[in-house]
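Subject: Structure handover

Hello,

My notes on it follow, with cut-offs given where each term first comes up.

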Amino acid sequence: MTGTFDDFLARRWEDLVTLTLQHLAVVALSLALATVLGVLVGLLVWDRDIPRATALTAAGIAITIPSLALLALLSPVLGLGWAPTVVSLVFYSLLPIVRNTVVGLREVPHHIVESARGMGMTPMKTLLSIQLPLAWPVIVTGIRVAAQLTVGIAAIAAYVAGPGLGLYIFRGLSSLGSVNALNFALSGTLCVVLLALLIDGAFVLIARYSTSRGLRV
């Protein structure tokens with residue numbers, strides 16, 4: 001069946017909505033896991049020189065691994081579909097989250113920490129009640145960067161039958177020359193871009209309303 005891009009969208013909109021929701025779900029799940037893991041690692045290493053350097057270096061090296069190569073390595077172990085997709089997205093999300101957690105905690109003024117401890121707070125209570133809230137805007141920025149990474153890499157995960165809009169992009173690229181090749185690739189790409197913009201906008205609101213009034217820029 002032939003037709004314009006508008007006709008293609010009219011016929012395929014239900015598929016596009018389903019794939020967009022799948023894309024959003026795998027990004028949200030991966031980002032939630034990466035946030036818990038990344039913030040925890042950041043809390044454990046931020047004030048320890050060797051563990052901090054080791055964690056940041058390892059995460060920095062890991063993010064240089066091409067996503068297609070990582071997916072190809074994971075698929076024999078984890079199979080196809082959601083599992084290798086989620087593992088790879090968590091993997092790539094860790095660097096910005098760990099790095100920003102460490103940077104945010106280290107940027108808390110020393111005199112504030114000393115004042116809290118002078119009031120009798122334990123190091124753990126100072127960390128959780130004073131330092132973490134002050135570092136929160138920087139941490140959220142790291143999560144926001146990780147979200148943009150995962151939206152893009154999730155599209156590539158169609159290589160291992162991952163969920164989401166990559167299915168249409170790969171279908172279009174693999175059928176170049178056919179009638180609807182461009183429509184498949186273009187519709188998938190546009191939905192990925194739109195989803196990335198919506199998620200970024202959501203993080204602007206999250207950063208604004210989860211940050212203490214005194215810390216808002």
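Thr35 lies in helix H1, residues 5-45; helices here are DSSP runs of H or I of at least four residues, strands are E runs of at least two, and both are numbered from the N terminus. This is a predicted model, in which local features need pLDDT of at least 70 and side-chain atom pairs count only at pLDDT 80 or more, while totals for chains, interfaces and linings use all residues. Residues are numbered from 1 along each chain as its sequence is written, and side-chain values use heavy atoms, with hydrogens and water left out.

Thr35 has a relative accessible area of 19%, so Thr35 is buried (buried means under 20% relative accessible area, exposed over 50%, partly exposed in between, with a 1.4 Å probe and protein chains only). A polar atom of the Thr35 side chain lies 2.7 Å from the backbone oxygen of Leu31. For reference, a polar contact is a pair of N or O atoms within 3.5 Å; within protein, one must be able to donate a hydrogen and the other to accept it, and residues adjacent in sequence count only if both atoms are side-chain atoms. With residues up to four places away in sequence not counted, Thr35 touches Ile97 and Ile143, where contact means heavy atoms within 4.5 Å.

Gly38 is also in helix H1. Its relative accessible area is 0%, so Gly38 is buried. Not counting residues up to four places away in sequence, Gly38 touches Leu94, Ile97, Val98 and Thr101. Gly38 and Arg99 are 61 residues apart in sequence, and their C-alpha atoms are 8.5 Å apart in space.

Next, the helix pairs. Two packed helices are described by the angle between their axes and the distance between the axes. Axes are lines fitted to C-alpha atoms, for helices over the stretch in contact, and angles run from 0 to 180 degrees between N-to-C directions.

The axes of H1 and H4 come within 6 Å and cross at roughly 40°. That angle makes H1 oblique to H4 (under 35 degrees counts as roughly parallel, over 145 as roughly antiparallel, 65 to 115 as roughly perpendicular and the rest as oblique). The crossing of H1 and H4 is right-handed; a crossing is left-handed if the near helix is turned anticlockwise from the far one by less than a right angle, and right-handed if clockwise. The residues of the H1 contact with H4 divide into 20 nonpolar, eight polar and no charged. In this scheme Ala, Val, Leu, Ile, Met, Phe, Trp, Tyr, Cys and Pro count as nonpolar, Asp, Glu, Lys and Arg as charged, and the others, Gly among them, as polar.

Helix H4 (residues 82-106) and helix H6 (residues 123-156) have axes that come within 7 Å and cross at roughly 150°. H4 and H6 are therefore roughly antiparallel to each other. Their crossing is right-handed, and the residues of the contact divide into 17 nonpolar, eight polar and no charged.

Helix H5 (residues 110-118) packs with H6 at an angle of about 140°, with the axes 10 Å apart. The H5 and H6 crossing is right-handed. On the H5 side the contact is made by Ile112, Val113, Ala116 and Arg117, and on the H6 side by Pro123, Thr126, Ile130, Gln131 and Leu134. By class, these are six nonpolar, two polar and one charged residues.

Three further residues are listed here for checking.

- Ser67 is in helix H3, residues 67-78. Ser67 counts as buried, at 15% relative accessibility. Leaving aside neighbours within four places in sequence, Ser67 is in contact with Tyr92, Ile153 and Ile156.
- Thr54 is found in helix H2, residues 49-62, and counts as partly exposed at 49% relative accessibility. A polar atom of the Thr54 side chain lies 2.7 Å from the backbone oxygen of Ile50.
- Ala161 is in the loop between H6 and helix H7 (166-174), and counts as partly exposed at 48% relative accessibility. Ala161 has a positive phi of about 65° although it is not a glycine. Most residues other than glycine have a negative phi.

Finally, the chain totals. The protein chain has eight helices and zero strands. Buried residues make up 40% of its 217 residues. The C-alpha atoms fill a box of roughly 75 × 40 × 20 Å, taken along the principal axes.

Regards
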